[in-house]
Every structure is written in structure tokens, then in C-alpha cells.
Amino acid sequence: MPADWNTKVVSARFGNEGAKSLATYESLGGYATLRKALAMRPEDIANEVKASNLRGRGGAGFATGVKWGFVPKDAKQVHLVCNADESEPGTCKDRELIYWDPHLLIEGMIIAGHALRATHNYIYIRGEMMREFAVLKRAVEEAYQRGYLGKNILGTGIECHLTVHRGAGAYICGEETALLNSLEGLRGQPRLKPPFPAIKGLFGNPTIVNNVETLMNVPHILDKGGAWFNSLGVGRSGGTRMLCVSGHVNKPGVYELPMTITFRQLIDEVCGGVWKGRKVKAVIPGGVSMPPLDESELDVPIEFDALQTDERIKPVMVRPGQQFDLGGGRMLRTMAGSGGVVVMDDTTDIPKAVWRIMKFFAHESCGQCTPCREGTGWLEKVARRVADGAGKPDDLELLSSIAHGIAGNTICALGDAAAWPMLGFLTKFRADFEAAIKTKKVQAA
Amino acid sequence: MSLEFSADAQKKIAALCERYPTKQPVVMAALHLAQKEFGFLSDEALKLVATTLGLPYAHVYGVATFYTMYRREPGGKQTIRMCTNISCMLRGGYEVLAAFERTLGLHKGESNQEFSLVEEECIAACANAPCAVVGTEYLLDITPESVGKIVERLRAKPHPESEVV
């Protein structure tokens, strides 16, 4: 049955302060699914997840069951790593999920660990999330004491260890290979792929890196079945989606909603409309790395495939008349990303907002690849002078050419993450940038 | 005089070394612990971490200088990390940062004995923007007018830097 606006899967225990204790979690049915899953063959668990059409909730939306299938069958040591380094601007779901329901994440990781035959597993949590780190550490200790974690969990002979590893401030560590380097005690710089982590990841072993929300869906899939989870969603996207709405709405918040909800419904009906009686100017659909939508594009659903292919969303241009090529002639509209929806009203200074986004990427570039290290800095500088009213007539072309020079030319996706919104805003809000540059000329005269 | 970890920190580091196949991954936690015990990561503190884990000093130095939460200079007892990224900016984050600067008598990036004030990138609480984080406490839906009370409260009930390690 398709999810409705009241369907709660991963956020069912939000607001229940007690649920983070093991006793309460168990009294609400927690860890019952684990017992069932431990009696299943690993490949049967993986097949259930494949059938569920669960897609990665961190940003890329890759099919989780397919990803698990990349681990070589004869691997001696496999690791499962939970990416809890949530830091994509506009995204604030993992922090809530961990705070309210840490045992659901742990249960999901033990089940996924069994499916992957992964015995030594890790949660990499953002350094700034000290409160959530404390909550998780406590929950892991409880799970060890109760025998859900350890050398021989619940007497099944299955080994499963879990360690919470705290970061120390670096957006780039949300990129999975940077995360693995950081987990190994190195600087958090991404690795060249291939080999992909599923072949050679943590400590040189096959490793699966999954997002918090992704793993928290796993116990529910095993409990009610992959077919049930698939039916909640639409097309190739099973389940619900956690959406984080911020910016100029009356009721910002973290909401679990169906894949079929449109941005207009989300803003007007769930979030009480745009604040101060204003209208929408721009919406970032899934964290600042994603190209924005304009007001005419809000009737598209929040679902992964819709945002990539719906023809109501205009393609991103490198410059007027030249479409951005994702490779092989594929056009870039936008992506569902991390679920971070940022709403900007019609009084928003778009060049200034874009400068702030570019400042972020310039700050967070790890410095490894020249196009990103230098390019994000230039984007920030040129965007700043345009926003400050000191822009030059050629600056929009300059921004385009820098962004185009970064995209696709770096080891990891941080370069694209800076280039895409730059080009996307230039495509859809060009007049705002032109006005900012013209205003300056008048002032100078 | 060379630095030494407290008995408690040594115990924690030893326990963490059991969690990984080598000692190298413990470097991040050991740096957090060193920062908690010594207030900041001096050259001596980095040397102590290197010796404790059997790592080259240059390796520890490289890690300590990559991540923004490690500080190489003395700072305030508490660190206010104020976000000004897009969601916070749209709801007055820069005005709140300015209010913290006025109230504390510090510019962003500066410290006195009591406080360090840091302009932070997104701290993942965007639905409650503008927001800041101090130790284990998230300060949510801050307004410039509420900053005075927040600072008073932090003085009365502080969240020390590296509160949890």
C-alpha cells in the first residue's frame, strides 16, 4: 500500500525520550526482527532488501541491495560502515534519527552485518554531534551487555562488533572513501576509484558504506517484507523519505513523507507555506550540492528518478545555448540528494545566497585536486564580488567557465557539488546576477 | 616538562586500540582526548599522541591540522560554533553571529579565557536555524535578542570544549 502523509517508518519513535534506552526499545518490539534475521541465510536477507527497492538516503540514491551484491562472495573479512557524518547544508535528519532511535540503527547494522558477513563494523559520526555521539556510545554499550553485539551474538555463533568513531570537523569525510581514510586515522582525503570500497575499502577489505536512514529502514524491511516496503514508494524507489525543510517557510522541520509528495505540497501543506505571506523564489531540492528549482518547477515529486528525468525541470546549462553534459550526452536536471530542502522567498538576494554556498565549498575542499582546490576558491571570490555589487561584465561567463572546468575533473564529487549549483543558479536566475552587476555600474556612474 | 596523559585517558586509548586492527585509527580519538586534557594541541601534545600510538610525529601533525575541531592554540573554556551557512543565513544567522560578537566582545575566530567564537559551517540542525552548538548542547532558533540570555546561561552551566570524548 502506498505511504500516506501519516506513514511513519524510521521516525515512528520521534518525541519518545525513553525510546533511546534498550529496555523501552525492546518493550516496543525492538530487536525482535534481529532474532528473526539471525535465523535467515545472509543471501535471503540481501534478497529481501533488493526486493524492497531501498535506495541510499545519503545522496546518490543507489540501490542498497545492488550495492551489497558487489562484495566478493569469497571475501574473508568484510566491513559495514555507517556514514553518520551528516554535513550537507540543509540536511538535518541523521542527527534526529540517532538521537531519538539509536537502537534502530544498531539493529539495522547487525542485520545488515549478518547479510554481508561483516564482523567488525563502524559508525563514523560527525565530530560536532557530541550529544548524539554520547547517545550512540551508550546504546552500543547496552547492546553489548545484552548480547546483541559481541563474539557470539545471542548464542547463534555469529560475530558482530560495532565501534563508534568520532570525526573532528570535515565535510569531505561524508564522501565514502574520505570517510574510510579518516576511519583509518589518515587525513580525510578521497581515494581514486576504482577500486570501489565494496572491493577494497576499510583496511584493504571489502566494505559497504551506508547512510543512517538507509540502515534504519533495514529492520522494518525484514519485519514486514521487501514487497511491503517497495509498495510504500513509487517506481524504483521503495519506502518513505525523510525530508529536512529549512529556510523561508512557516513550519521548518524534519518530516517523513511519501516519495510522491510534490515540492509545492511540501511547502504549502506540510510546512504552512512561505513565511510573511511571500512567494517562492528558489528551492534547493536535496542539499546545496544540487541544482535549484524555480517556482515553475515545484509540481515535481521529491522522488529520486523524478528529479533526474522529469521534463518539467529545465536542464542545467553551462552558458546560454550550451547544455551541461553529464557524460555521453546525458543532461543534468537535478537530484534528490540528501533530502535537505532549502526554500528561498522572493525577496532573497540570490547572488548573495550563491556566494555563501560557494564559500562553503571553498572552505571544505580537501585540497587534493587542483581544479577543485583552486576552482572553488575562485568561484567564491568572483561570486562575492558579484554579490557585493563589484561584479564585472564578464563575471558570469567567468563563473560558468570555472564551474565547467571543475565538473568531472576531480577525484571525488565535491568538485561537481560546487559546480552544479553554480551552473544551476546561473541557468535559472541569470537575471538576478545581471541585475547585481548592472546596479554596480549605476552606482559607479 | 613533557606532557603525560591521565590514567583515565590512557585506559580509554588502550581500550580503543582493541577496536581496530592497528593503532593508527585511534589517532583521532587520542587527539580529542589530548585536547580535552591539555586545552589545545601543542607540539608537545602531538608528540605525546605520536609516542603513545607509535606513529611518526609528521603523521599526527598532518591529521591534527586537517580537521577543524582540533585547535593548535589555546582557546576559551567553551567554544560557541555558530552556523552561518545557507539555511541559517536565510533566517538571520549573520545577525546572530554579530550579536554573539557584541555580547562576548570577541570577533569570530577569536577567544578569551571563557569563550571561543567560531563561525561554523552547517551543523545539521537546519530546521531550527539559526543554530549553534556548544559541547553537547545545540542552541536552536536563536535570535539576536536571545543571545544575551544564552551567554548568561552558558556562564552558569558551561559545556567545556571536548565535553565528551
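Student: In this predicted model, what makes S162(B) buried or exposed?

Tutor: The relative accessible area of S162(B) is 4%, and buried means under 20%, so S162(B) is called buried. Its place is in the segment after α7 of chain B, and its phi is near 55°, which is a positive value in a residue other than glycine.

Student: D141(B) also has a positive phi in a residue other than glycine; why is D141(B) called buried, partly exposed or exposed?

Tutor: With a relative accessible area of 44%, D141(B) falls between the limits of 20% and 50%, and therefore it counts as partly exposed. The phi of D141(B) is near 50°, and the residue is found in the loop between β4 (137-139) and α7 (147-156) of chain B.

Student: How do you know whether R330(A) is buried or exposed, and where does R330(A) sit?

Tutor: R330(A) has a relative accessible area of 51%, and exposed means over 50%, so R330(A) is called exposed. It sits in the loop between β10 (322-323) and β11 (340-345) of chain A. Leaving aside residues up to four places away in sequence, R330(A) touches F324(A) and D325(A). As for F304(A), it is 26 residues from R330(A) in sequence, and the two are 16 Å apart in space, C-alpha to C-alpha.

Student: What makes the pair E119(B) and K359(A) a salt bridge?

Tutor: The closest N and O atoms of E119(B) and K359(A) are 3.4 Å apart, and a salt bridge asks for a side-chain nitrogen of Lys or Arg within 4 Å of a carboxyl oxygen of Asp or Glu, so the pair is called a salt bridge. Across the interface of chain B and chain A, the rule finds 2 salt bridges.

Student: Which elements of chain B supply at least two residues each to the side that touches chain A, and which gives the most?

Tutor: They are α2 (27-38), α4 (57-64), α5 (86-90) and β2 (115-120) of chain B. Of the elements of chain B, α5(B) gives the most to that side, with 4 residues.

Student: How many residues are in contact between the chains, and how much area do the chains bury between them?

Tutor: In the model, 43 residues of chain B are in contact with 65 residues of chain A. The two chains bury about 4,300 Å² between them, and 59% of this is on carbon and sulfur atoms. The rule also finds 28 residue pairs in polar contact across this interface, both residues being at pLDDT 80 or more.

Student: Which peptide bonds at P194(A) are cis, and where is P194(A) found?

Tutor: The bond from K193(A) to P194(A) is cis, with omega near -10°, and a cis peptide bond also joins P194(A) and P195(A), with omega about 0°. P194(A) is found in the loop between α8 (176-183) and β4 (207-211) of chain A, and P195(A) also has its place in the loop between α8 and β4.

Note on methods. Residues are numbered from 1 along each chain as its sequence is written. Chains are lettered from A and ligands numbered from 1 in the order in which they are written. This is a predicted model: local features need pLDDT of at least 70, side-chain atom pairs count only at pLDDT 80 or more; totals for chains, interfaces and linings use all residues. Side-chain values use heavy atoms; hydrogens and water are left out. Buried means under 20% relative accessible area, exposed over 50%, partly exposed in between (1.4 Å probe, protein chains only). Contact means heavy atoms within 4.5 Å. Buried area is the accessible area (1.4 Å probe) that two parts lose on being put together, summed over both. A polar contact is a pair of N or O atoms within 3.5 Å; within protein, one must be able to donate a hydrogen and the other to accept it, and residues adjacent in sequence count only if both atoms are side-chain atoms.
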